[in-house]
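Here's a quick tour of one protein chain, taken a piece at a time. Have the viewer open while you read.

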Amino acid sequence: MLVEGIATEEVAALASAGRAIGQLHVSPNEYLYEMCVSPVWGSPSQHTRAKLPSTVICSIRHEDGERLRRRLADGEQVRARLEAEVDTGWRKTPLLVADLDADNGVDDAPFVLFSGHHDTWHFGVMDNGGANATMLEAARVLAARRSEWKRGLRLCFWSGHSHGRYSGSAWYADEYFDELERRCVAHVNVDSTGGEGAAVLTNSGVVDELKAVAADAIVAISGQKHAGRRHGRAADQSFWGVGIPSMFGSLSHQPPGPVKMLTALGWWWHTPHDTMDHIDPKNLERDTRIVLEVLWRLLTSPVLPYDYASYARSLQAELARLKTALEDRLDISALQDAVCELERQATALARLSNGAADKAADFINGSLVRASRQLVPLNYTSGERFHHDPALPHRPWPSLEGIGELARLPACSPDTVFYIVHARQTRNRVASALRQANEALRDVLDLKL
Ligand SMILES: [Zn+2]
């Protein structure tokens, strides 16, 4: 197969499924981009092993691709010979973990997870040396005022991001699931900070309930209005199954430009040219200040700054779209009612949170975290909390996908009855999660704090 553009897991999966022998990816410019192409999130199990790519994949320069294309267009029989050495195996890779506890003497206290990868392609000065520097500096500055923290900070430097499809963070999520579920309140990930020319700060990923935290920090430091993009299926976001609200990944991006720029992280990204000369110290300082601001708020707010009313509005809009497309093939009004209740309760809880005393704040935080364990997986997983979804692009609200499939089916399709079976089961899983989240919020509202 001759493919336009850099190698991706999506093309690799399609090529393997289509029994291709190999792919030649034509780069949009003169550089060759190193890519990780496995559609399996983390290390493979016996169930996902067969999904590893089975084709030989090579990248070629734009100019060479053009030459090949011209010869094909001329009707010439073109033979391409691809040679590759495949190296797969089980290896130990280093993860660096550092705990900074809040200075409040509470054992087993909640903490904020602050992470980034330390493995790179080639020199990797921006991706991910820039973010490594951001993490160290933010932690150093924050630690100086540890007495003001309400919760702890855990730093994790992952391996296996660039070459193992998030194998480090996925392993960590699986190995420490129990502790993370009990104690971790938020995940802030940083990637590729300080890039030269990275002037756009409106486009980093954040979950609905933390949108305002991201937007407030970004406008305060850069003056830019954050649009709040949904997270992509990337950036060591291995903790959605646990139910941890997460933000960022790459933070600052290149303005749209000529094709040579290729990616939002600059033409040098994932090439041997990711060197010191593409770091702008001013941008690195700006990005680090934004991360610092976000962490300060997460560490010191008496009540966790989760906005579940905003989450509820976002889910309500998705359900309204589905309801219209379903045309009475499945009743989802119970889901809509549950989301209305979620918005009502989250709004009431936010009012209660203003100026809440320490003890009351503890109760409110406990209920918000309980709700998040149900709500984050609805927004970002297929609904399966204990196994990782594939590393392939996914639709928003993937837990609703069974209903979405029915909604997209032509109205008179003979398959409708089968799709209804699956859609009804999907509806019930979402209803159960919403009920548990609503119970968590109601429990604390009933306390009349
Ligand atoms: Zn990176």
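## A helix pair

Helix α3 passes α7 in a right-handed crossing. This is a predicted model, by the way. The stretches involved are residues 125-143 for α3 and residues 281-300 for α7, and their axes come within 9 Å, crossing at roughly 45°. That angle is why α3 and α7 count as oblique to each other.

Who does the touching? On the α3 side, the contact is made by Gly130, Ala133, Thr134, Glu137, Ala138, Val141 and Leu142. From α7 come Leu284, Asp287, Thr288, Val291, Leu292, Leu295, Trp296 and Leu299. Sorted by class, the residues of this α3 and α7 contact give 10 nonpolar, 3 polar and 2 charged.

## Domains

Zooming out, the chain splits into domain 1 (2-73), domain 2 (96-300) and domain 3 (308-445). Going by C-alpha atoms, the centres of domain 1 and domain 2 are 28 Å apart.

How many residues of domain 1 are in contact with domain 2? There are 13, and they meet 15 residues of domain 2. The domain 1 side of that contact has 8 nonpolar, 4 polar and 1 charged residues.

## A loop aspartate

Now for aspartate 328, which is in the loop between α8 (308-326) and α9 (333-353).

Terms used
Residues are numbered from 1 along each chain as its sequence is written. This is a predicted model: local features need pLDDT of at least 70, side-chain atom pairs count only at pLDDT 80 or more; totals for chains, interfaces and linings use all residues. Helices (H or I, at least four residues) and strands (E, at least two) are DSSP runs, numbered from the N terminus. Axes are lines fitted to C-alpha atoms, for helices over the stretch in contact, and angles run from 0 to 180 degrees between N-to-C directions. Angles under 35 degrees count as roughly parallel, over 145 as roughly antiparallel, 65 to 115 as roughly perpendicular and the rest as oblique. A crossing is left-handed if the near helix is turned anticlockwise from the far one by less than a right angle, and right-handed if clockwise. Two residues are in contact if their C-beta atoms, placed from the backbone, lie within 7 Å. Ala, Val, Leu, Ile, Met, Phe, Trp, Tyr, Cys and Pro count as nonpolar, Asp, Glu, Lys and Arg as charged, and the others, Gly among them, as polar. Domain bounds come from an automatic or database domain assignment.
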